[in-house]
Amino acid sequence: MKPSSQELTADTIVDFLASIFDRRRSEEYLGEPVTMGEHMLQGATIAERNGQPDEIIVGALLHDIGHFTSEFGTFTMDDTEDRRHEDAGAEILERFFPSVVTDCCRYHVAAKRYLCATKPSYFERLSEASIHSLNLQGGAMSAQEIAEFEKNPNLEEIIAVRYLDEAGKVAGMATPDFRHFAPRVQRLVDRHLGRNSD
């Protein structure tokens, strides 16, 4: 049984996240050619290779963590309603991470809806599973939803992580494991909570 978000601390959150990757990284990712763990590690690896800041790397690493922490389970191609994994993940992250990381988790689904509305060519990037989930998640945003979404101060980072989300679906791509990224994750936690991580 997973601990509640209230039982986690700044000293245990990174190990908790690492244990999720250790135990559940091989779970199927919505019919994609990668596992759930591979998907998130690929996004983080691509961000790191491109010299992105810690917030983007960690945002990509953890954006789908709600598929693991959600008590409602993960999405399947047979689903007829959205399971809102983005909210389940953000609930775990929000006490420990800056809003930019939490927002990359909480709004990566909204970012897909936003990009489908504002950049029609983005839809062509989507896999069959991503299109199915898009339909469950409300489809492309309305003009009113776009205007509201664009008010988010972390919009640029959320969109960056969304592109990494689509990029992280490469069968056979080699990546480091979660432990490689753990120091970055802990640095963000410590910085956010005003702790000295040296």
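How much accessible surface does the protein have, and what share of it belongs to carbon and sulfur atoms? The accessible surface comes to about 9,500 Å², and 47% of that belongs to carbon and sulfur atoms (areas follow the Shrake-Rupley method with a 1.4 Å probe, and for residues only the protein chains shown count as cover). Please keep in mind that this is a predicted model, where local features need pLDDT of at least 70, side-chain atom pairs count only at pLDDT 80 or more, and totals for chains, interfaces and linings use all residues. Residues are numbered from 1 along each chain as its sequence is written, and side-chain values use heavy atoms, leaving out hydrogens and water.

**Confidence**
- The mean pLDDT (the predictor's confidence in each residue, from 0 to 100) is 86, and 87% of the residues reach 70 or more.
- Over residues 71-83 pLDDT stays under 50, and the model has 27 contacts beyond four places in sequence for them (contact means heavy atoms within 4.5 Å).
- Where pLDDT is low, the predicted coordinates should not be read in detail.

**Overall fold**
- The protein has eleven helices and zero strands (DSSP runs numbered from the N terminus: H or I of at least four residues for helices, E of at least two for strands).
- Of the 198 residues, 51% are buried (under 20% relative accessible area; exposed is over 50% and partly exposed in between, with a 1.4 Å probe and protein chains only).
- Among contacts between residues at least 6 apart in sequence, 73% join residues at least 24 apart.

**Nonpolar core**
- The largest nonpolar core holds 58 residues (buried Ala, Val, Leu, Ile, Met, Phe, Trp, Tyr and Cys joined through side-chain atoms within 4.5 Å), and those touching the most other members include Ile13, Leu17, Leu61 and Leu62.
- Helix H1 (residues 13-24) gives the most to this core, with seven residues.
- Beyond four places in sequence, Leu62 touches Leu17, Phe21, Met40, Leu93, Phe97, Cys105 and Phe178.

**Helix H10**
- The 13 residues of H10 (residues 155-167) should span 18 Å at 1.5 Å a residue, and the end C-alpha atoms are 19 Å apart, which agrees (the expected span is 1.5 Å times one less than the number of residues).
- Buried residues of H10 include Leu155, Ile158, Arg162 and Asp165.
- The buried residues of H10 pack against several helices, among them H2 (36-49), H3 (54-62) and H9 (143-149).

**Asp87**
- Asp87 sits in helix H5 (residues 85-93) and counts as partly exposed because its relative accessibility is 28%.
- The C-alpha atoms of Asp87 and Val109 are separated by 9.9 Å, with the two residues 22 apart along the chain.
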